[in-house]
Amino acid sequence: MLPQYERLVDGAASDTGPGGYAGSGTGGGVGSLRRSKFRVRFGRLAVATVMLPVAGFLFCVIWSLLYNFEQANATHCLVYNFLPSLSAAIGNYQPQRFVWQFSVLFHAPFRYAIAFLYKNHHLTLLSRKHRKEWAYLACILNIIELSSLVGLSLWTSSNNYEIHKICFSAFVICSIIYMYLVVLINRLTRTEELLTLAERKSLRYKRRLLLLNVASIMFAVYFFVRHNNHCEPGIYSLFALSEYVFVYSNIGFHMTAYWDFINAHVYFHWRTGIHFSAV
């Protein structure tokens, strides 16, 4: 269902055929990929990329608890809390801010590339359903989600609250809609009995992580409102914990790309650039 070879970076025309796919010409494009200077399994690269924000966020929370406990847990209610909010953990203090921004900015280019790979993947799935606009919509939502994540990381709640709030809202809304749309596309275009083991696992985890993601943001809203209305000890920390679940369920959903492209490889050739191969 995936393109055999897809160009991620334009290279020499001699190694590409019509449509920009490496290996589609007559000059041995596939052979040039096989002789690439660098070749890595897509799954390993995907896991390494996703682990950047996973580890970065975990570091920010732990460092805030160890060295900025009082400040990070302080709210207008002046009651005891034991976990800092997402915004406080990643953006209010150093070195947390630097670590989080580095992890997000470093993994973002690969995530943008995956967004376009998924666009082609969804176009293939939807080709017989005459719903190709869904593939483009999913790609746009994915790009807005990632761009909002970059935005809320660069403009923190402490230095520009309004931009941070807009980016955070866009991130939450677009991520939930994107996740639901991806699950819907797979539900409408795939038959359970015809899926491979990896595809079944991917779809199963997508459904579960979507439900967990929606539930966590609903709990976050509830605890946030309750904290502001009643100023009870520990409630703001439950809001923060709900944010953590939201973040990690979102990361987990994107990590299912490991199973969607389980046989894929990423190639680098000194002359033609970076290529994606489905085999």
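What percentage of the 279 residues of the chain count as buried? In this predicted model, the share is 49%. The exercises below work from the whole chain down to single residues.

**Exercise 1. Describe the overall fold of the chain: how many helices and strands are there, and in which pattern do they follow each other?**

Step 1. Count the elements. The chain has ten helices and four strands.

Step 2. Read them along the sequence. The pattern is β-α-β-α-α-α-α-α-α-α-α-α-β-β.

Step 3. Check how far contacts reach. Take contacts between residues at least 6 apart in sequence; 72% of these join residues at least 24 apart.

**Exercise 2. Determine how helices H2 and H9 are oriented to each other, parallel or antiparallel.**

Step 1. Locate the helices. H2 spans residues 42–67, and H9 spans residues 235–255.

Step 2. Take the axes. They come within 10 Å and cross at roughly 170°.

Step 3. Apply the cut-off. Angles over 145 degrees count as roughly antiparallel. H2 and H9 are therefore roughly antiparallel to each other.

Step 4. List the residues that meet. H2 brings Val47, Val50, Pro53, Val54, Phe57, Leu58 and Val61. H9 brings Tyr244, Tyr248, Ile251 and Met255.

Step 5. Sort this contact by residue class. Eleven residues are nonpolar, none is polar and none is charged.

**Exercise 3. Find the salt bridges: how many are there in the whole structure?**

Step 1. Side chains of opposite charge can pair when their charged atoms come close.

Step 2. Search the whole structure. Five salt bridges turn up.

Step 3. Arginine 111 pairs with glutamate 145 at 3.9 Å, N to O. The cut-off is 4 Å. Arginine 111 sits in helix H5 (residues 96–125) and glutamate 145 in helix H6 (residues 132–154), 34 residues apart. Both residues are buried.

Step 4. Lysine 206 pairs with aspartate 260 at 2.6 Å, N to O. Lysine 206 belongs to helix H8 (residues 197–230) and aspartate 260 to helix H10 (residues 257–260), so this pair ties together parts that are 54 residues apart in sequence. Lysine 206 has a relative accessible area of 3% and is buried. Aspartate 260, at 12%, also counts as buried.

Step 5. Glutamate 232 pairs with arginine 226 at 2.5 Å, N to O. Glutamate 232 is partly exposed at 23% relative accessibility. Arginine 226 is partly exposed too, at 27%.

**Exercise 4. Classify asparagine 142 as buried or exposed, and name its contacts.**

Step 1. Asparagine 142 lies in helix H6.

Step 2. Compare its accessibility with the cut-off. Buried means under 20% relative accessible area. Asparagine 142 stands at 4%, so it counts as buried.

Step 3. Leave aside neighbours within four places in sequence. Asparagine 142 then touches Arg111, Ala115, Tyr178 and His254.

Step 4. Link back to Exercise 3. Arg111, one of these contacts, is also the salt-bridge partner of glutamate 145.

**Exercise 5. Which residues does the UniProt annotation "transmembrane region" cover, and how much helix do two of these spans hold?**

Step 1. Read the record. The unreviewed UniProt entry assigns "transmembrane region" to residues 42–66, 134–156, 168–188 and 209–225.

Step 2. Take residues 134–156. The span is 91% helix and 0% strand, and its end C-alpha atoms lie 32 Å apart.

Step 3. Take residues 209–225. The span is 100% helix and 0% strand, with end C-alpha atoms 24 Å apart.

Methods. Residues are numbered from 1 along each chain as its sequence is written. This is a predicted model: local features need pLDDT of at least 70, side-chain atom pairs count only at pLDDT 80 or more; totals for chains, interfaces and linings use all residues. Side-chain values use heavy atoms; hydrogens and water are left out. Axes are lines fitted to C-alpha atoms, for helices over the stretch in contact, and angles run from 0 to 180 degrees between N-to-C directions. Helices (H or I, at least four residues) and strands (E, at least two) are DSSP runs, numbered from the N terminus. Angles under 35 degrees count as roughly parallel, over 145 as roughly antiparallel, 65 to 115 as roughly perpendicular and the rest as oblique. Contact means heavy atoms within 4.5 Å. Ala, Val, Leu, Ile, Met, Phe, Trp, Tyr, Cys and Pro count as nonpolar, Asp, Glu, Lys and Arg as charged, and the others, Gly among them, as polar. A salt bridge is a side-chain nitrogen of Lys or Arg within 4 Å of a carboxyl oxygen of Asp or Glu. Buried means under 20% relative accessible area, exposed over 50%, partly exposed in between (1.4 Å probe, protein chains only). UniProt positions are given in the numbering used here, feature names are shortened, and annotations may be inferred rather than shown by experiment.
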